[in-house]
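Subject: Structure handover

Hello,

Here is the structure I said I would pass on. Please open it next to the sequence and keep both in view while you read the notes below.

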Amino acid sequence: MSSARRLPPLRSLAVMGALGASVLLLTACTNADTTRSSVAEAAQTESPTATATDTASPTGSPSASMNEDRTERKDLVTATKVTWDKAADTAVKEVPEGKLVDLELKRTEADASASPTGSPTGSPSPSMPNPAPSEGAPEWEAKVAQPDGTLHRIDIDAVSGKVFRTQVDPDQDPDDKTQVSEWLDKAKQTPEQAVKAATDKAKGTVTHVELGDNDDQQVVWAVDVVDKEKWNKTTVEVDAANGKVLSQNVDND
């Protein structure tokens, strides 16, 4: 450091005190000026290093990540005009005897308007009744099941409320259909009842409703609720048989 290189002259000047008071006074003044100059130069030399450290530290900090996630939730929820229940009604009407098993608010992907061919088993290509929203716009992605467990995917514009894509799930096998059918048989609570139970515990906007089973093999509705103050997400697990709230988990990220 520049200040360290200036230390030897300061020590040698102190030895010259025997030369007289006037010389000592002159030396002390020079020494003081030199010391102040050294400190100033040292501060200028070290300051960029400290600044770089301060700038780099937030890069990997958890708070930066949490702020990004909260901002994403805020942007998505604010841009959405169609509530979960309206999207659910729209989706169910697309499937005869259909029941909602999954509904999630998300951003429209780049390939939303694509019309891929059916699966090797002969599943039909998706139907595109309306133009897809632009990439990144909010959409509701729904899964509606027929009584035999066959799933249909319904994509709904979360601003206009129009269906822009429907398709039978091409990847379901017989076991998958049986599983979904069993869940529906055990689920005595409707999605609306599950959401009410969840929002009684966690106030906010519903962004995801899903039927499934938990680690205890209970059939449950998992409901995601985003509050509009801190934009945290709370996942509430509701027993699909009796409507009892089994757990709450707040995602602060």
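**An exposed loop residue, and what else was found**

At a relative accessibility of 66%, E97 counts as exposed, since the cut-off for that word is over 50%. The model is a predicted one, and every value in this email is computed from it. E97 sits in the loop that links α5 and β1. The phi angle of E97 is positive, about 60°, although E97 is not a glycine.

Q217 is a second case of this kind. Its phi is near 65°, which is again a positive value in a residue other than glycine. Q217 belongs to the loop between β5 and β6, and with 60% relative accessibility Q217 counts as exposed.

**The strands**

Start with β1. It pairs with strand β2 (residues 138–145) in the antiparallel sense, over eight bridges. Within that pairing, K99 has A145 in β2 as its bridge partner. β1 also pairs with β5, antiparallel as well, over three bridges. Here the bridge partner of E104 is H208 in β5.

From β5 you can move on to β6. These two strands run antiparallel and are joined by eight bridges. G212 stands opposite V220 in β6. The hairpin of β5 and β6 has five residues between the strands, and Q217 with its positive phi belongs to this hairpin.

β6 is joined in turn to strand β7 (residues 233–239) by seven bridges, and this pair is antiparallel too. W221 stands opposite V238 in β7. The hairpin of β6 and β7 has six residues between the strands, and in it W231 takes a positive phi near 65°.

How much of β6 is buried? Seven of its eight residues are, so β6 is largely enclosed by the rest of the structure. Buried here means under 20% relative accessible area.

**Helix α6**

Helix α6 covers residues 174–186, which is 13 residues. From its first C-alpha to its last it reaches 19 Å, close to the 18 Å expected at 1.5 Å a residue.

Which residues of α6 are buried? They are V180, S181, W183 and L184. These residues cover an arc of only 160° around the axis, which puts them on the same side of α6.

**The largest pocket**

The largest pocket has a volume of about 230 Å³. Its lining is made of D69, E72, R73, L76, V77, E104, L105, T207, H208, D224, V226 and K233. Sorted by type, the lining residues are four nonpolar, two polar and six charged.

Which elements supply at least two residues of this lining? They are α4 (62–79), β1 (99–107), β5 (205–213) and β6 (219–226). The largest share, five residues, comes from α4.

T71 is partly exposed, with a relative accessible area of 42%. T71 and K230 are 159 residues apart in sequence, yet 9.6 Å apart in space from C-alpha to C-alpha.

α5 gives the most, with three residues. By type, the lining divides into seven nonpolar, two polar and four charged residues.

Two of the names here have come up before.

Regards

Notes: Residues numbered from 1 in each chain as written. Predicted model: local features only at pLDDT ≥ 70, side-chain atom pairs only at ≥ 80, totals over all residues. Heavy atoms only, no water. 1 Å grid on protein atoms, 1.4 Å probe; cavity = no way out; pocket = protein on both sides within 12 Å on 5 of 7 lines; lining within 4 Å. Points joined across faces, edges and corners; volume = space filled by probe spheres on them. Helix = DSSP H or I, 4+ residues; strand = E, 2+ residues; numbered from the N terminus. Nonpolar A, V, L, I, M, F, W, Y, C, P; charged D, E, K, R; others polar. Buried < 20%, exposed > 50% of the residue type's maximum accessible area, 1.4 Å probe, protein only. Pairing = 2+ DSSP bridges. Expected span 1.5 Å × (residues − 1). Arc of directions from axis to C-beta.
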